[in-house]
Amino acid sequence: GQVVYSIAEGTERGASVGNIAKDLGIDVAALSARKFRMITGSSKQYFNINASTGFLYVNEPIDREELCELKSACLLNYELVLENPLELYRMEFKVLDVNDNSPSFPLREYHVSVPEFLSPGARFALPNAQDLDEGTNGVQNYTLNPDKFFHLEMQTRGDGSVYPELMLKKALDREQQATHRLVLTAKDGGDPPRSGDVPVIVTVLDTNDNAPEFEQSVYRASVLENSPSGTLVVQVRAMDLDEGPNGEIVYSFSNATAADLQQMFLIHPHTGEVTVSGDLAVQRPLLEMLIEARDKGAFALSSTAKLLVEIADVNNHGPEITIASLSNPVPEDAVPGTVIALLSIVDKDPGENGKITCQIPDNLPFQLKTSLENYYSLVTSGLLDRELISGYNITITATDLGSPPITTQQTLWVEISDVNDNPPVFTVDTFDVFVEENNPLGAFLYQVTASDLDIGENGRISYTLRNSTVAGSALASFLSVSLANGSIYAKRAFDFEQLKSFNFQVEAKDNGSPALSAAVTVNVYIADQNDNAPAILYPVGQNGSVAVEVVPRLADEDYLVTKVVADDEDNAENAWLSYHLAHSSDSTLFRLAPYSGELRTARSLRSTDFLKHKVVVVVQDHGDPPLSSTVTVGILLADTLPQALPDFDDNGEPLPLLNATNIYLIVSLACVSCIFTVFLLFLAIARL
């Protein structure tokens, strides 16, 4: 926004100009909080702001004539910059003229020579007064003290400017009065008005009665500001109808021409050529000079013409880039249109030479926007991603429209700050972990690792176990995870026979605000160890006795006596079982299948085979080292199941088969033995 104030020059220090906070609609408390500052190109700080009230007051009294010289409008431009958010307001102060300067004449007195033979109506140039004030406060009219020979008339030049002339209203007689003393008074239009006067001494001369006359009353010319000394600006010409010395003309600058202009230009006294003689670097685009043409008569006559010289600008100033404000670093989540910097770009050249085009490279997510006059805002035009590009070197190129154009470049480094916009990422969705059973407490199982593209706290990852249960118990009773590095440790020994596998999730969370997280599934497979011996399921004895199998007395070869059935709670090779005969009362009678555990007869049974047999079977797994179990099987050869089973716990030889023939033989032997014994007793008694 922009606000315009008017203030009279010379206003005393501390005087209030206006309430800037109220005029701009800004909260007074926000002025200090938002670090306000006033920016001006002036060498003095003429105004300041009371931060507690918002009033704008005079800091330094202004002298309009010192500040703006002869400019018709005297303006002071200030910029008010507020931060958080960045705002810029423009203030324009129009310095009003006060009638504090009186009209003055360049010389303390003027001399006018008038030939005595001139007729009434003759005119003579009078000096112009100068007044540093503007408008109505400047010179408005001239007066001349009453005199019977002269009176004052105002004349108008071709450009509209007026000037006083002394007019002869009655013929002069040098012999009666050789000198006339007049007073020329210049008055301004101020309230109250001011005036200044100068003595005009008129000397009555005899002879030369024609003054030189210029071909034009106003000459106009243009010259480049970088023109070297000696460059021709214009040639003025005047004519004098007199002859001889009275008609020879000498050109010069009038005393009313400013001294600095007389140093910039040189006029040839005989040819009237006006040339450059000094540096033309002035702020005024139009220079005004008065040229006087004077003849060489004994009583020289003169006339004046106005010369207006326009200083044509040359593109000799490049654009100047000033960083008024810069917000750095920029968060990567800044929305498009976020203001990054405020730039002031000015060119001291006027006109087209001072017009500027400004640009930045097209391949950047930034753009320049015109703010106020000579101000540009650097804003974001796209999305930023620190993980792709952490900073930008932005080259600002400003080029004026001069011929040839002048280009200025300035580079800004804009750093992109991190925002927690990336969650932790695991390399895979699932991790498989293999662990042997009977592991020690605190054993290291695995380390899960996640990465986060963010930096600092936004990229620092913490690992935790997500709540779950394993086999009816809390996961935390089985495992623990390192918060810092994701290492997983066992808190108990695993038993393959009770738990073969389970899964859980590890959560990786960063320390950003708000925190982002990701989870990965970990499958745990428990590897078996050979920690279980084979268990004999069949045959099994009762109350610790030997299991007994009954086999027909005359069973054929390959008769299935029994099948040893065993089981191993281990897995794979640890549960692969093989069967072996560790002991047999008759190694030729029975054989054992090593993989099926079937106990069969190796041959047909004979009547001469013992009645009772005992075999010991070893069941062994394939673990490393292997584990085994044994079972003792008692085998009874009988065609029918006896009412009472014999005892197989003794270690004697098996008994022969009890049949009728054997009983008869035993009885016969017993009888013979008894008869023989009786016979012996009889013989013994007989001898006695």
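Mentor: Start with Leu290. Its relative accessibility is 11%. Buried means under 20%, so Leu290 counts as buried. Keep in mind that this is a predicted model.

Now place Leu290 in the chain. Leu290 belongs to strand β22, which covers residues 286–295. UniProt, in an unreviewed entry, lists "domain: Cadherin" at several ranges, including 215–321.

What does Leu290 touch? Set aside the neighbours within four places in sequence. Leu290 is then in contact with Asn128, Arg157, Ser252, Phe253, Ser254, Ala256, Thr257, Ala305 and Lys306. Leu308 is 18 residues from Leu290 in sequence, and their C-alpha atoms are 8.8 Å apart.

Thr257 sits in a loop, between β19 (249–253) and α4 (259–264). Is Thr257 buried or exposed? Its relative accessibility is 5%, so Thr257 counts as buried.

Next, see how Thr257 and Leu290 meet. A polar atom of the Thr257 side chain lies 2.9 Å from the backbone nitrogen of Leu290. So on the Thr257 end look at the side chain, and on the Leu290 end look at the backbone; a polar contact is a pair of N or O atoms within 3.5 Å.

Finish with the other contacts of Thr257. Leave out residues up to four places away in sequence. Thr257 then touches Gln262, Met289 and Leu290.

Key:
Residues numbered from 1 in each chain as written. Predicted model: local features only at pLDDT ≥ 70, side-chain atom pairs only at ≥ 80, totals over all residues. Heavy atoms only, no water. Helix = DSSP H or I, 4+ residues; strand = E, 2+ residues; numbered from the N terminus. Buried < 20%, exposed > 50% of the residue type's maximum accessible area, 1.4 Å probe, protein only. Polar contact = N/O pair within 3.5 Å; in protein donor to acceptor, adjacent residues only side chain to side chain. Contact = heavy atoms within 4.5 Å. UniProt positions renumbered as here; feature names shortened; annotations may be inferred.
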